[in-house]
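Welcome, and thanks for opening the viewer. Let's walk through this model together, one selection at a time.

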Amino acid sequence: MADFLRHNRRAFLFCRDGSGRPIGYAMQSIGYKPANLYFATYVKSPKVKHLLADPAVACIVLGECDGTVRPWVSVRGTAEVYRPSVEEIHEMIGMAPSDRRVPESVVASVRDRLIVGKRCFIRLALDEVVAARLCGGDNDVRQGDRAI
C-alpha cells in the first residue's frame with residue numbers, strides 16, 4: 001500500500017464546504033511519508049478554508065491504468081494546512097514521482113510559490129484505508145484495513 005501511495009500522484013480530495021456538504025477536488029500528490037500524503041495548493045483557495053473549518057477528509061488515489069483494471073486506494077484522514085520550510089519544500093518537490101504530463105517549468109513555479117508563501121502544503125494524516133483495488137485480485141483491501 002505504501003509503495004502504491006508513494007508512486008501514484010493523481011488523487012481526489014474530499015472535504016466539506018462551508019454549508020457542510022461534501023465537495024471534491026482533483027489534486028496531484030507531491031509526496032508520501034509513512035501514513036501521510038502531501039499536496040500543494042494556493043493559500044487563498046476555497047479548499048484551504050474548508051479544511052481549516054473541518055479537517056476530516058477522504059481521498060482516492062488512482063494508479064495508472066493497466067489494461068481494463070485501474071488500481072486505486074480510498075483513505076480517510078485528517079488534513080493539516082501549513083506553510084512548509086524551504087528545506088521541506090525542496091525535500092518534498094524532490095521526492096515527488098516524475099509525471100511526464102507536468103513540465104519542469106510548472107514544478108519550478110510551484111516550488112517558487114511555496115517559497116514566497118502564495119502556496120501551502122496540505123498534510124493528510126491517513127487514519128484508515130477504506131477500500132482498494134491494487135494490481136492482482138488478491139490485493140484488494142476492505143474497509144478498516146490499516147495497511148498504510
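Start by selecting G117: just after α4, this glycine takes a positive phi of about 90 degrees. Before going on, note that this is a predicted model, in which local features need pLDDT of at least 70 and side-chain atom pairs count only at pLDDT 80 or more, while totals for chains, interfaces and linings use all residues. Residues are numbered from 1 along each chain as its sequence is written, and side-chain values use heavy atoms, with hydrogens and water left out.

Now select residues 104–116, which make up helix α4.

**The whole fold**

Zoom out and colour by secondary structure. You will find four helices and six strands, where helices (H or I, at least four residues) and strands (E, at least two) are DSSP runs numbered from the N terminus. Along the sequence they follow the pattern α-β-β-β-α-β-β-α-α-β. Contacts (heavy atoms within 4.5 Å) show how the chain comes together: among those with a separation of 6 or more, 65% join residues 24 or more positions apart.

Of the 148 residues, 42% count as buried. Buried means under 20% relative accessible area, exposed over 50%, and partly exposed in between (1.4 Å probe, protein chains only).

**Into the core**

Hide the surface and select L5, L13, L37, F39, C59, V73 and L124. These have the most contacts inside the largest nonpolar core, which has 24 residues. Such a core is a set of buried Ala, Val, Leu, Ile, Met, Phe, Trp, Tyr and Cys residues joined through side-chain atoms within 4.5 Å. Two or more residues each come from α1, β1, β2, β3, β4, β5 and β6; β6 gives the largest share, five residues.

Pick L37 and show its surroundings. Leaving aside neighbours within four places in sequence, its contacts include L5, C59, V61, I122 and L124. Apart from this core lies another, of ten residues, among them A40, I89, V110 and L114.

**The aromatic cluster**

Which residues do ring pairs link into a cluster? Select Y38, Y82 and F121 to see them. Rings of Phe, Tyr and Trp (its six-membered ring) pair if their centres lie within 6.5 Å; planes under 30 degrees apart count as stacked, over 60 as edge-to-face and the rest as tilted. By this rule there are two aromatic pairs. The planes of Y38 and F121 meet at 65 degrees, with ring centres 6.4 Å apart, so this pair is edge-to-face. It joins strand β3 to strand β6, across 83 residues. Y82 and F121 are edge-to-face too, at 5.9 Å centre to centre and 85 degrees between the planes. F121 has 0% relative accessibility and so counts as buried; Y82, at 14%, also counts as buried.

**Charges over rings**

Finish with two charges over rings (NZ of Lys or CZ of Arg within 6 Å of the ring centre and within 35 degrees of the ring normal). The charged end of K47 sits over the ring of Y25, 5.0 Å from its centre, and R119 lies over the face of Y42, at 4.5 Å from the ring centre.

Methods:
Expected span 1.5 Å × (residues − 1).
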